[in-house]
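Here is my note for your first look at this fold. Please keep the viewer open and follow the points in order.

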Amino acid sequence: MVSERSVVLASASPRRRELLGLLGIPFRVVPADIDETPPDGHSPETVALSLARQKALTVAQGERDALVLGADTIVVYEGAILGKPCDAEEALRMLRCLNGREHLVITAVALLEVVGGRVARQQEEAVRTRVWFRQVGEEHLRRYVATGEPMDKAGAYGAQGYGSTLIERIEGCYFNVVGLPVSRVCAMLEAWGVTPLQAFR
């Protein structure tokens, strides 16, 4: 049965690990080592889906019977993808773009069922959330960059941390901005026979 197979999170992100833990199901973490450079000439949603799929497929190769979950979060401003900044100056440039403006956060998830060492089926979805930054001064942005928080995050901010001081409002799933649309992932796993909140039965 699907529910007896282990769930594997193909991500090294501590935020995704924490969010998946909210489902109350046992799972393992196996980070996927892939090149996350966004390919040119594709829509942001296509890019996010492709990266989530690559992560899941990479980890699936080492599994025999499991459900493998890959995810990728991107920040989009005026059609351009803002990835993880390479240094403090790039982080500051990204934050200046977003300051006082609206942007889009897309998290794509790819769920693969591995049976006998082969992918038997897969499902992919991309969830969108709109985020509005309030207008802050240059010094606020510089202090935020100095915390070091922006350096490993798409768009150079974390909604769950000090970056919350920048966010005026959100339209859509908050957890999607953090890195995993929890309720959507829960529905996908339920459809494949996984029971949420198992620890409380």
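**Notes on the fold**

1. The chain has six helices and seven strands. Helices (H or I, at least four residues) and strands (E, at least two) are DSSP runs, numbered from the N terminus. Starting at that end, the order is β-α-β-α-β-β-α-β-β-α-β-α-α. The radius of gyration, taken over C-alpha atoms, is 17 Å, close to the 17 Å of the globule rule (2.2 Å times the number of residues to the power 0.38) for 201 residues, so the chain is as compact as a globular protein of that length.

2. A word on the source. This is a predicted model, in which local features need pLDDT of at least 70 and side-chain atom pairs count only at pLDDT 80 or more, while totals for chains, interfaces and linings use all residues. Residues are numbered from 1 along each chain as its sequence is written, and side-chain values use heavy atoms, with hydrogens and water left out.

3. Now the interior. Of the 201 residues, 48% are buried. Buried means under 20% relative accessible area, exposed over 50%, and partly exposed in between (1.4 Å probe, protein chains only). Take contacts (heavy atoms within 4.5 Å) between residues at least 6 apart in sequence: 72% of them join residues at least 24 apart.

4. Look at helix α2, residues 44-60. Its 17 residues reach 24 Å from first C-alpha to last. That is close to the expected 24 Å, which is 1.5 Å times one less than the number of residues. Its buried residues include Pro44, Leu51 and Val59. The buried residues of α2 pack against β1, α1, β3, β4, β5 and β6.

5. Zoom in on Val59, in helix α2. Is Val59 buried or exposed? It is buried, because its relative accessibility is 5%. Beyond its neighbours within four places in sequence, Val59 contacts Val8, Ala10, Val30, Pro31, Ala32 and Val68. Val30 is 29 residues away along the chain, yet the two C-alpha atoms are 6.8 Å apart.

6. Check two backbone angles. Most residues other than glycine have a negative phi. Glu78 is not a glycine, but its phi is positive, about 50°. Ala156 is not a glycine either, and its phi is about 70°.

7. Where do Glu78 and Ala156 lie? Glu78 sits in the loop between β3 and β4. Ala156 is in the loop between α4 and β7. Glu78 counts as exposed, at 70% relative accessibility. Ala156 counts as buried, at 0%.
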